[in-house]
Amino acid sequence: MSPAPQRPIHPVIAALTPAEHAAFLHRFHSKVQPNPDTGCHEWAAAACHLGYGRFGIDNRTYLAHRVAWTLAHGKDIPDGLQIDHRCRNPRCVNPDHLDAVTARDNTLASNAPTALNAAKFACDRGHLLIGHNLMTGPTGKRRCRICTNANTRRYQARRRLAAEVAAYNAAVAHGETPAPIRIHIRQRETSTHPNP
């Protein structure tokens, strides 16, 4: 599901008279506190639950970092792009810390689980995710071939066992002599990695 399109900010700012524009800039910058240690210009006013600053223009609320990027570049954020905080500080409105990037690039640059998994070089059992062992699905999800094959074998063994148990129970229910049940469930494969 794609995110809802953002409301354009630049037409609202461009429609201001010079006096309104000066008052707008003064009001915006009065809510910013520079942090000399990080170089961030931190938003000191209202923020959403994710920590991004919120700024009102003409009775509408916009994300402060999007307003800052628009002011610095004199145009709206291009369609399909998001604003990424290179500093990883959601309250930062320093245009030098903000980049217009794709949603994928924004996610991969974060500390989200998707980004952490994309950075992995081995599966949870220590098998390297390279070459023939790397399986990629239609959504781009990476999987370990060794672990996938082992899981498939275990699943198939459980299905065979369930079928044999069902046949055994059916034979007993009909008063017949049931065939013996053969159990062939393999143990989980152990890691070949020295530090799993």
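1. Start with the contacts of R88: leaving aside residues up to four places away in sequence, R88 touches N106, A109 and S110. Here, contact means heavy atoms within 4.5 Å. Please keep in mind that this is a predicted model, where local features need pLDDT of at least 70 and side-chain atom pairs count only at pLDDT 80 or more, while totals for chains, interfaces and linings use all residues. Residues are numbered from 1 along each chain as its sequence is written, and side-chain values use heavy atoms, with hydrogens and water left out.

2. Next, find R88 in the chain: it sits in the loop between β5 (81-85) and β6 (98-102). Strands are DSSP runs of E with at least two residues, helices are runs of H or I with at least four, and both are numbered from the N terminus.

3. Two distances are worth a look. The side chain of R88 reaches the backbone oxygen of H85 at 2.5 Å. The C-alpha atoms of R88 and L98 are 9.8 Å apart, and these residues are separated by 10 residues along the chain.

4. Finally, which classes make up the lining of the largest pocket? That lining has 15 nonpolar, 10 polar and 7 charged residues. Ala, Val, Leu, Ile, Met, Phe, Trp, Tyr, Cys and Pro count as nonpolar, Asp, Glu, Lys and Arg as charged, and the others, Gly among them, as polar.

Technical notes. A polar contact is a pair of N or O atoms within 3.5 Å; within protein, one must be able to donate a hydrogen and the other to accept it, and residues adjacent in sequence count only if both atoms are side-chain atoms.
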